[in-house]
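Please work through the exercises below with the sequence and the model open side by side. Each task is followed by a solution that goes step by step.

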Amino acid sequence: MKDKKVLKYLILIIVSLVVLAILNNVLDSYQRRIVNLCAVYIILGLSMNLVNGFTGLFSLGQAGFMAVGAYTVSILTMTRQMKEMNFYMKPMMPFLLNLSSLNISFLPAYVNDFIWFLFALLMGGILAALFGLLVGAPVLKLTDDYLAIATLGFSEIIRIVIINLQTVTNGALGLKGIPVKTHLLWSWSIAILTIVFISLLMKGSYGKAFKAIREDEIAAKSMGINLFKHKVMSFSLGSFFAGVGGGLLAVSIGTIDPTLFKFALTFNILLIVVIGGMGNIWGTVASAIVVTIAMEALRFLDEPMNLGFMKTDALPGLRMVVFSLILMLVIIFKKDNALKANFERIRGRYAKN
Amino acid sequence: MLKIDDVTMQFGGVVAVNGFTAQIDEGQIVGLIGPNGAGKTTVFNVITGVYSPTKGRILYGPDLNEDITGKRSDQITNLGICRTFQNIRLFKELSVMDNVFIGNHLRLKSGLLSSLLRLPHYRKEEAEAYEKASYLLKKVGLYEEREEKAYSLPYGMQRRLEIARALATEPKLLLLDEPAAGMNPQETQDLMEFIVEIKDEFNLTIFLIEHHMDFVMGICEHIYVLDHGMMISQGNPSQVQTDQRVIEAYLGVE
Amino acid sequence: MSLAEFMQHLVNGTSLGSLYALIAIGYTMVYGILRLINFAHGDIFMMGTYLAYYGILFTPIPWYLVFILAPLLTGLLGLVLEKLAYKPMRGSPRITILISAIGASFLLQNFGILVFGGRPKAFPIPGILDTTLTVSGVSVDLISIIIPIITIALLVILNFFIKKTKTGMAMRALAKDFETASLMGININGIISIVFFIGSFLAAVGGIMWGIKYPQLMPTMGVVPGLKCFIAAVIGGIGNITGAVLGGFILGLGEILLIAFLPNLTGYRDAFAFVLLIVILLVRPTGLLGEKTSEKV
């Protein structure tokens with residue numbers, strides 16, 4: 001029976017990869033970009049869900065770790081000429097400038113390219129995880145909104161450091177001309193791997209320990225779970241995927257700069273996680289796809305509209321007004337369960353007296 | 001097994017426990033009683049590392065050579081002391097099975113990576129953990145409910161689930177905080193038999209807090225009585241029952 | 001650094017600190033009672049500034065009246081925000097409410113972009129306030145002197161209100177023990193509304209003075225000061241008004257003096273607050289004047 005289930009998933013994966021390969025040839029470049037972004041946001045949504053939804057650590061540091069991944073991948077994959085063109089204000093550190101892609105002579109160029117790209121993504125993830133470890137170790141003793149603000153603070157610190165480290169990151173000017181990888185199989189394979197990874201994690205003993213921490217910290221530590229160790233684990237894993245997602249984002253859009261990694265980016269991911277449901281893997285996947293497409297589809301809201309009887313001017317901001325409203329409505333309607341539980345509790349108390 | 005040596009626990013100006021000393025020997029069932037607010041749960045919290053005592057020491061082990069004062073809760077549980085909670089603290093949104101399964105997590109030898117890749121030795125460990133959890137659930141009569149979420153169980157079952165979860169950590173010393181709270185006489189009677197049964201089967205030493213006097217008197221070999229954080233009496237059930245100070249503490253002095 | 005320069009930095013730091021203090025009070029009062037980070041508070045501050053901007057440029061109302069009306073309107077806005085975004089969530093997990101607050105913050109910012117436009121606007125400074133004083137070689141903007149004076153005056157009034165009036169007492173009771181106080185017949189909703197009104201009013205006063213001192217308006221102008229003022233409240237011990245003021249001054253003075261003495265770090269100016277926050281949270285999580293609390297087991 002178990003093998004049957006595995007088989008079912010394998011078939012599902014193969015079918016989706018085939019569909020994606022076909023889509024890759026049918027879609028125009030704009031549509032391809034959106035489908036690509038869906039994969040990126042699946043990874044980012046799952047990464048935030050691991051930390052916030054499954055482990056119950058309210059972290060708002062996503063954008064910072066994404067930035068680490070994005071810059072790492074960009075610097076590793078950009079050509080020397082591109083780097084020289086970008087760094088016209090201040091030259092790049094020679095070591096980073098001379099970093100060049102893998103070149104094993106007997107392998108065809110695209111294989112070299114592919115291996116190097118995977119290596120770059122992995123490095124992006126690992127570096128982000130290291131940052132996660134560094135940030136997590138001091139702040140994970142905090143709880144609830146203190147943790148939220150501290151992680152948001154760290155994310156901003158990372159951004160400020162990026163702006164100031166001109167010889168590494170080109171500062172506020174950002175990086176242009178990152179080699180764009182838009183083949184859908186690249187991004188979606190990694191998204192599927194992430195789904196598999198998070199599912200296996202949550203099925204196993206460690207994932208369940210994470211959930212136990214979310215449910216009740218005091219009970220969890222009384223059951224012998226080392227809170228700090230497990231929180232750091234979850235946080236670093238989450239950062240790893242944020243880094244990978246950030247790296248993929250960079251190679252999907254080709255241009256990055258520090259303003260991209262402001263809190264608004266974390267907000268987008270939070271929106272996905274809240275709509276999909278905290279601690280729900282398939283919900284996150286579905287909502288990542290819906291939100292990403294909706295973000296693009298609703299771009300018309302920001303543009304001038306012809307309503308038949310009247311024409312409006314361009315309305316920049318309207319789209320995000322709509323999304324902020326959606327977030328608030330979802331959260332207000334979802335809280336019903338919590339409200340009901342509260343009611344029961346209050347009633348129980350009066351009944352007892 | 002356990003020695004509480006002159007422990008004082010102070011919160012700001014409030015002295016919750018004042019110079020409490022007690023000793024529990026291996027294989028005993030020892031009771032801790034006292035009126036509401038006497039500091040009983042605080043004693044448990046100090047033993048299990050939720051609080052670090054203001055003064056005094058907690059010694060543990062066959063020869064009482066392990067000083068566990070101020071250790072972290074998870075370290076203490078690792079050494080073989082596990083507890084239940086007065087106000088039930090289950091992992092509410094998780095299944096009954098998962099609650100007990102998580103109790104085994106501290107005994108897991110495989111690392112994160114082998115769990116992720118589901119390497120053979122992890123799979124073996126996991127299968128054993130599920131087997132153990134199933135056994136414990138059958139023991140407490142919750143096997144049929146294993147797929148239910150913990151919060152959906154009735155109160156009495158939740159108490160039994162907490163005990164099963166604690167047993168999954170493989171404790172040597174089990175601390176039960178009001179295990180019979182809210183139970184009717186028949187259920188209380190069953191619980192007494194159950195506690196003796198698990199004590200024998202798992203070689204446990206048990207330290208419990210309880211308000212049901214029949215329960216405490218019927219099951220405990222030794223009893224400590226706390227009032228306003230001070231120990232006012234100790235001894236076997238009949239000694240404690242006839243102690244004038246205990247009667248005064250419960251009924252008040254005219 | 002000459003003494004004159006140092007004095008100049010000191011004045012600038014004090015006035016920035018006063019602004020932080022005014023905004024931080026709103027965070028700390030709301031947190032004290034509802035245990036909620038009013039994430040949208042920085043955006044309320046922004047709204048207050050824009051209201052004053054439009055009041056001066058597009059209504060015939062004289063500027064000094066605008067400077068009173070705009071904070072009053074902003075106070076109402078804060079009150080309405082609470083009713084719409086926070087009140088339905090009361091009793092939910094804190095994280096859920098925080099998400100709602102984050103949503104409200106983005107809503108206000110994007111509403112700002114939609115209605116006010118995303119391009120920076122210049123705050124119309126009344127001529128009489130737009131002067132620079134020179135006292136024995138130290139030249140400072142008039143507004144840098146006015147800011148601390150108005151801040152202190154408002155603090156004195158607020159202090160009187162909280163310590164001496166019945167409403168103030170109810171506020172303190174709610175902050176101390178929400179459940180008990182609510183059983184004592186205190187009109188919780190009324191008090192919470194007043195708290196949001198006061199917090200938003202003070203933020204708008206801060207916003208107007210901010211606009212005069214740093215006259216560039218943007219719909220996102222509230223984000224960074226908002227975060228910093230929350231940090232100020234945490235540094236001082238959240239829930240504690242004196243602490244918020246103390247935190248505001250520490251942050252304002254620290255920021256200005258840091259870049260005055262170490263100009264190399266100018267680029268890291270905004271990181272200062274966050275670093276300070278993390279240090280405080282690790283060393284003294286309840287802040288300088290906060291009380292220790294622990295969860296009941």
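The exercises that follow concern a predicted model, and they take up one chain or contact at a time.

**Exercise 1. Describe the overall build of chain C, and decide how its radius of gyration agrees with that of a compact globule.**

Begin with the secondary structure, which in chain C comes to 11 helices and 4 strands. Next consider the extent of the chain: along the principal axes, the C-alpha atoms of chain C fill a box of roughly 60 × 50 × 35 Å. A compact globule with 297 residues would have a radius of gyration near 19 Å, and because chain C has 19 Å, the value agrees with that expectation. Then turn to the interior, where 49% of the 297 residues of chain C count as buried. Finally, look at the contacts in chain C between residues at least 6 apart in sequence, of which 75% join residues at least 24 apart.

**Exercise 2. Work out which elements of chain A touch chain C, and what classes of residue they present.**

Start with the contact itself, to which chain A and chain C give 36 residues each. On the side of chain A, the elements that supply two or more residues are α6 (109–139), α7 (144–164), α13 (263–276), α15 (318–334) and α16 (336–352). The most comes from α7(A), with 12 residues. Sorted by class, this side of chain A holds 27 nonpolar, 5 polar and 4 charged residues.

**Exercise 3. Trace the open sheet of chain B and identify the strands at its edges.**

The sheet has 6 strands in the order β6-β7-β8-β3-β9-β10, and the pairing is mixed. At the edges stand β6 (81–83) and β10 (230–235) of chain B, each with a single partner strand, so one side of each has no neighbour in the sheet. From one strand to the next, the twist averages 20°. For one pair in detail, take β3 (residues 29–33) and β8 (residues 205–209) of chain B, which pair in the parallel sense over 4 bridges; here Val30(B) stands opposite Phe207(B) in β8(B). Lastly, helix α10 (residues 244–251) of chain B lies across β9 (222–227) and β10 of chain B, and runs at about 130° to β10(B).

Methods: Residues are numbered from 1 along each chain as its sequence is written. Chains are lettered from A and ligands numbered from 1 in the order in which they are written. This is a predicted model: local features need pLDDT of at least 70, side-chain atom pairs count only at pLDDT 80 or more; totals for chains, interfaces and linings use all residues. Two residues are in contact if their C-beta atoms, placed from the backbone, lie within 7 Å. Ala, Val, Leu, Ile, Met, Phe, Trp, Tyr, Cys and Pro count as nonpolar, Asp, Glu, Lys and Arg as charged, and the others, Gly among them, as polar. The radius of gyration is taken over C-alpha atoms; the globule rule is 2.2 Å times the number of residues to the power 0.38. A residue is buried if 20 or more other C-beta atoms lie within 10 Å of its own, exposed if 12 or fewer, and partly exposed in between; C-beta atoms are placed from the backbone. Two strands pair if DSSP finds at least two bridges between them. Axes are lines fitted to C-alpha atoms, for helices over the stretch in contact, and angles run from 0 to 180 degrees between N-to-C directions.
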